[in-house]
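Hello,

Here is the structure for you to look over. My notes follow below it.

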Amino acid sequence: MKELQRDIEYLVSEELTRANEKNPLFHSDHEAYGVIDEEVREVIDETELIIYWCKRFRALTHRDGSREVKDDAITSIKEAAVLCACEAVQVAAMCEKWVMSNEKDKD
(Lines give C-alpha, C1' and ligand atoms only; values in the text may rest on other atoms or scores of the structure.)
Protein backbone atom coordinates (compact mmCIF):
# COMPACT_ATOMS: atom_id res chain seq x y z
CA MET A 1 0.00 0.00 0.00
CA LYS A 2 2.88 2.38 0.73
CA GLU A 3 4.16 1.98 -2.83
CA LEU A 4 0.71 2.75 -4.21
CA GLN A 5 0.46 5.82 -1.97
CA ARG A 6 3.86 7.01 -3.21
CA ASP A 7 2.72 6.53 -6.81
CA ILE A 8 -0.49 8.44 -6.16
CA GLU A 9 1.44 11.30 -4.52
CA TYR A 10 3.49 11.46 -7.72
CA LEU A 11 0.30 11.59 -9.79
CA VAL A 12 -1.03 14.38 -7.56
CA SER A 13 2.16 16.33 -8.21
CA GLU A 14 1.85 15.76 -11.96
CA GLU A 15 -1.81 16.82 -11.94
CA LEU A 16 -0.92 19.95 -9.97
CA THR A 17 1.72 20.84 -12.56
CA ARG A 18 -0.79 20.39 -15.39
CA ALA A 19 -3.43 22.42 -13.57
CA ASN A 20 -1.00 25.24 -12.82
CA GLU A 21 0.02 25.40 -16.48
CA LYS A 22 -3.63 25.91 -17.46
CA ASN A 23 -4.81 28.17 -14.62
CA PRO A 24 -3.12 30.50 -12.15
CA LEU A 25 -3.07 29.90 -8.41
CA PHE A 26 -6.34 30.51 -6.61
CA HIS A 27 -7.27 34.15 -6.13
CA SER A 28 -9.41 33.46 -3.05
CA ASP A 29 -10.62 30.76 -0.72
CA HIS A 30 -14.02 31.05 -2.42
CA GLU A 31 -12.49 30.17 -5.78
CA ALA A 32 -10.58 27.27 -4.22
CA TYR A 33 -13.73 26.01 -2.53
CA GLY A 34 -15.66 26.09 -5.80
CA VAL A 35 -13.01 24.08 -7.64
CA ILE A 36 -12.45 21.58 -4.82
CA ASP A 37 -16.19 21.16 -4.28
CA GLU A 38 -16.70 20.39 -7.97
CA GLU A 39 -13.99 17.72 -7.88
CA VAL A 40 -15.40 16.20 -4.67
CA ARG A 41 -18.86 16.03 -6.26
CA GLU A 42 -17.32 14.13 -9.18
CA VAL A 43 -15.74 11.67 -6.71
CA ILE A 44 -19.18 11.21 -5.15
CA ASP A 45 -20.79 10.64 -8.56
CA GLU A 46 -18.25 7.95 -9.45
CA THR A 47 -18.58 6.38 -5.99
CA GLU A 48 -22.34 6.17 -6.45
CA LEU A 49 -21.78 4.37 -9.75
CA ILE A 50 -19.42 1.92 -8.05
CA ILE A 51 -22.06 1.23 -5.40
CA TYR A 52 -24.80 0.79 -8.01
CA TRP A 53 -22.80 -1.64 -10.12
CA CYS A 54 -21.54 -3.53 -7.09
CA LYS A 55 -25.13 -4.04 -5.90
CA ARG A 56 -26.06 -5.13 -9.42
CA PHE A 57 -23.17 -7.62 -9.50
CA ARG A 58 -24.20 -8.98 -6.09
CA ALA A 59 -27.81 -9.44 -7.25
CA LEU A 60 -26.65 -11.12 -10.46
CA THR A 61 -24.39 -13.41 -8.48
CA HIS A 62 -27.18 -14.42 -6.07
CA ARG A 63 -29.55 -15.07 -8.97
CA ASP A 64 -26.93 -16.93 -11.02
CA GLY A 65 -27.03 -14.27 -13.74
CA SER A 66 -25.27 -14.87 -17.02
CA ARG A 67 -21.51 -14.47 -17.25
CA GLU A 68 -21.98 -11.81 -19.94
CA VAL A 69 -24.17 -9.59 -17.75
CA LYS A 70 -21.79 -10.04 -14.79
CA ASP A 71 -18.88 -9.10 -17.06
CA ASP A 72 -20.67 -5.85 -17.91
CA ALA A 73 -21.19 -5.08 -14.22
CA ILE A 74 -17.55 -5.80 -13.35
CA THR A 75 -16.34 -3.70 -16.27
CA SER A 76 -18.56 -0.85 -15.10
CA ILE A 77 -17.24 -1.12 -11.53
CA LYS A 78 -13.66 -1.01 -12.78
CA GLU A 79 -14.28 1.96 -15.10
CA ALA A 80 -16.02 3.93 -12.34
CA ALA A 81 -13.25 3.05 -9.86
CA VAL A 82 -10.55 4.30 -12.23
CA LEU A 83 -12.46 7.54 -12.88
CA CYS A 84 -13.05 7.92 -9.13
CA ALA A 85 -9.32 7.56 -8.52
CA CYS A 86 -8.64 10.20 -11.17
CA GLU A 87 -11.10 12.58 -9.55
CA ALA A 88 -9.58 11.90 -6.11
CA VAL A 89 -6.14 12.76 -7.51
CA GLN A 90 -7.62 16.04 -8.76
CA VAL A 91 -9.09 16.76 -5.31
CA ALA A 92 -5.68 16.23 -3.71
CA ALA A 93 -3.97 18.38 -6.36
CA MET A 94 -6.43 21.23 -5.83
CA CYS A 95 -5.86 21.03 -2.07
CA GLU A 96 -2.14 21.36 -2.73
CA LYS A 97 -2.87 24.27 -5.08
CA TRP A 98 -4.71 25.98 -2.23
CA VAL A 99 -1.63 25.54 -0.02
CA MET A 100 0.57 27.02 -2.78
CA SER A 101 -1.86 29.91 -3.25
CA ASN A 102 -1.65 30.77 0.44
CA GLU A 103 2.13 30.50 0.49
CA LYS A 104 2.32 33.14 -2.24
CA ASP A 105 0.33 35.47 0.05
CA LYS A 106 2.94 35.04 2.80
CA ASP A 107 5.65 36.56 0.61
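**Aromatic rings**

One aromatic pair is counted, where rings of Phe, Tyr and Trp (its six-membered ring) pair if their centres lie within 6.5 Å. Tyrosine 52 and tryptophan 53 make up this pair, with 5.0 Å centre to centre and 85° between the planes. That is edge-to-face (planes over 60 degrees apart; under 30 is stacked, the rest tilted). Tyrosine 52 is partly exposed because its relative accessibility is 47%, and tryptophan 53 is partly exposed at 23% (buried is under 20%, exposed over 50%, partly exposed in between; 1.4 Å probe, protein chains only).

Lysine 97 lies over the face of phenylalanine 26, 5.6 Å from the ring centre (NZ of Lys or CZ of Arg within 6 Å of the centre and within 35 degrees of the ring normal).

The model is predicted: local features need pLDDT of at least 70, side-chain atom pairs 80 or more, while totals for chains, interfaces and linings use all residues. Numbering starts from 1 along each chain as its sequence is written, and side-chain values use heavy atoms, without hydrogens and water.

**Glutamate 39**

Glutamate 39 sits in helix H2, residues 29-62 (helices are DSSP runs of H or I, at least four residues, numbered from the N terminus). Glutamate 39 is buried, because its relative accessibility is 11%. Its contacts beyond four places in sequence are Glu87, Gln90, Val91 and Met94 (heavy atoms within 4.5 Å). Cysteine 84 is 45 residues away along the chain from glutamate 39, with 9.9 Å between their C-alpha atoms.

Best wishes

Terms used: Helix = DSSP H or I, 4+ residues; strand = E, 2+ residues; numbered from the N terminus.
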